Amino acid sequence: MKETILRNIKNLPGKKTKRKIVVIYVDDYGSIRIKDKATYNNLKSAGLPLDANRFSRYDTLADNEDLSKLFDTLTSVKDSKEHYACFTPLAIVANPDFEKIKASGFTDYHREPFTKTLEGYGSAYNGVFELWQEGIRENIFYPAYHGTEHINVKRFMAALQQGHKSVHLAFKNKSVALPVLPQDVTVSNPTTTFFIEDSAENEQLTKDIKIGTEMFLDLFDFSSKQFTPGAGIYSPFLEKALADCGIKYIHVQRFLAYPMGNGIFSKKFLYNGKENNFHQKYIVRNCQFEPDGKTDNAEANRCLLEIEAAFRWGAPALLSSHRVNFVGQLDKNYRDTNLKQLRYLLKKIVEKWPDVEFMNGDQMAEEIL
Ligand SMILES: [Zn+2]
């Protein structure tokens with residue numbers, strides 16, 4: 001009962017449309033986590049509690065097979081306008097350059113474009129970037145900017161400089177943001193790129209955003225209009241920097257305390273289409289799809305109820321998901337189970353709403369916001 005009410009009331013504020021629009025935002029493509037299966041085995045036997053969460057258990061770069069199977073699933077349906085289902089991957093454009101950081105004696109941070117990272121991942125990744133380009137051409141995999149890297153660089157470098165055992169262990173294995181050895185102090189929120197503790201950090205982050213959005217343009221030949229901060233946290237002081245770099249839409253949580261630095265948080269209520277001082281509009285996702293290896297279709301069926309509630313109140317259905325569900329280097333069975341559930345979800349969507357329209361994030365924003 002409580003769930004049903006929540007599902008409905010969250011769609012009351014925000015931009016309305018009579019059209020039945022479905023957008024599928026999927027965070028983290030491009031970012032590293034665990035390098036590969038051998039790395040998983042090494043780190044696990046060294047004592048890192050990798051099974052503590054699904055990201056340290058399954059998450060890694062998407063390979064040729066992951067993307068091919070995903071594209072097969074997305075093209076298994078067509079909407080009323082003959083368009084395939086479309087992922088809007090929120091992309092990370094760079095990863096730490098482990099060799100250069102090590103060569104600096106851990107004094108300087110260095111990054112490399114994610115296409116360079118792919119070169120070090122072997123033949124299972126040799127067609128990945130071509131698949132991204134194909135996905136863009138076909139409008140089934142149309143990226144937006146999720147951050148320059150998906151680590152909190154300040155916390156990462158501080159841990160390395162302090163000789164943090166678990167962070168060094170992961171570093172040696174070209175992996176990041178993992179749970180730590182039981183005897184080590186935790187590194188808090190290692191993936192929150194934009195979670196500042198001191199407002200002075202925004203100066204470096206402003207530079208990083210400029211570099212990252214330029215890398216995005218270089219890689220994909222178009223500028224990202226949308227931005228989702230890593231782990232959903234950023235300081236509003238960065239909105240001007242984002243606007244200067246062409247970001248017109250910022251993905252936010254409905255209720256969130258935004259760090260202003262020095263322990264101060266700004267609390268805001270935000271909704272889809274609300275505008276800030278820089279004429280940027282906020283996007284608030286209203287549906288979740290995280291199948292996470294479950295073999296029944298419960299997650300898809302739950303998601304269908306959320307889509308139904310969105311349409312009932314004239315809101316576009318803005319799905320939220322993560323790459324971890326759709327990669328199989330660490331466990332093919334996990335990926336295949338999740339893809340099966342995605343296929344079921346898409347089939348049910350076109351059956352239930354024959355006038356549905358699949359769009360990428362930018363198309364939705366231009367049509368509705
Ligand atoms: Zn993310």
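Modeller: Phe-106 sits in the loop that links α5 (98–103) to β4 (111–113), where helices (H or I, at least four residues) and strands (E, at least two) are DSSP runs numbered from the N terminus. Keep in mind that this is a predicted model: local features need pLDDT of at least 70, side-chain atom pairs count only at pLDDT 80 or more, and totals for chains, interfaces and linings use all residues. Residues are numbered from 1 along each chain as its sequence is written.

Most residues other than glycine have a negative phi. Phe-106 has a positive one, near 65 degrees. Phe-106 counts as partly exposed because it has 17 C-beta neighbours inside 10 Å. The cut-offs, with C-beta atoms placed from the backbone, are these: 20 or more other C-beta atoms within 10 Å of a residue's own make it buried, 12 or fewer make it exposed, and anything in between is partly exposed.

Ala-177 is another non-glycine residue with a positive phi, near 55 degrees. Ala-177 belongs to the loop between α9 (165–172) and α10 (201–220). With 25 C-beta neighbours inside 10 Å, Ala-177 counts as buried.

Val-93 is in a loop too, between β2 (87–92) and β3 (94–96). Val-93 is classed as buried because 27 C-beta neighbours lie inside 10 Å. Leaving out residues up to four places away in sequence, Val-93 touches Gly-30, Pro-113, Phe-114, Thr-148, Gly-212, Met-215, Phe-216 and Leu-219 (contact means that the two C-beta atoms, placed from the backbone, lie within 7 Å). His-146 is 53 residues from Val-93 along the chain, and their C-alpha atoms are separated by 8.2 Å.

Ala-38 has 10 other C-beta atoms within 10 Å, so it is exposed. Gln-162, in the loop between α8 (153–161) and α9, is partly exposed, with 13 C-beta neighbours inside 10 Å. From Gln-162 to Leu-67 the C-alpha distance is 38 Å, for 95 residues apart in sequence.

Two packed helices are described by the angle between their axes and the distance between the axes. Helix α4 (residues 64–74) packs on helix α7 (residues 128–137) at about 20 degrees, with the axes 9 Å apart. Here axes are lines fitted to C-alpha atoms, for helices over the stretch in contact, and angles run from 0 to 180 degrees between N-to-C directions. α4 and α7 are therefore roughly parallel (under 35 degrees; over 145 is roughly antiparallel, 65 to 115 roughly perpendicular and the rest oblique). The crossing of α4 over α7 is left-handed (the near helix is turned anticlockwise from the far one by less than a right angle; clockwise is right-handed). Asn-64, Leu-67, Ser-68 and Phe-71 of α4 meet Val-128, Leu-131 and Gly-135 of α7. That contact splits into four nonpolar, three polar and no charged residues, with Ala, Val, Leu, Ile, Met, Phe, Trp, Tyr, Cys and Pro taken as nonpolar, Asp, Glu, Lys and Arg as charged, and the others, Gly among them, as polar.

α4 also packs on α13: their axes come within 10 Å and cross at roughly 20 degrees. α4 and α13 are therefore roughly parallel to each other, and this crossing is right-handed. Asp-66, Lys-69, Leu-70 and Thr-73 of α4 face Arg-335, Leu-339, Leu-342 and Arg-343 of α13. The tally is three nonpolar, one polar and four charged.

Helix α13 (residues 332–352) has helix α12 (residues 298–312) as a partner too, with axes that come within 9 Å and cross at roughly 35 degrees. α12 passes α13 in a right-handed crossing. Glu-299, Ala-300, Cys-303, Leu-304 and Ile-307 of α12 make the contact with Gln-341, Tyr-344, Leu-345, Lys-348 and Ile-349 of α13. This one divides into seven nonpolar, one polar and two charged. Residues buried in α12 include Glu-306, Ala-309, Ala-310 and Phe-311, and the buried set packs against α1 (2–9), β1 (20–27), β11 (287–288), β12 (317–322) and α13. Past the end of α12 comes Gly-314, with a positive phi near 70 degrees.
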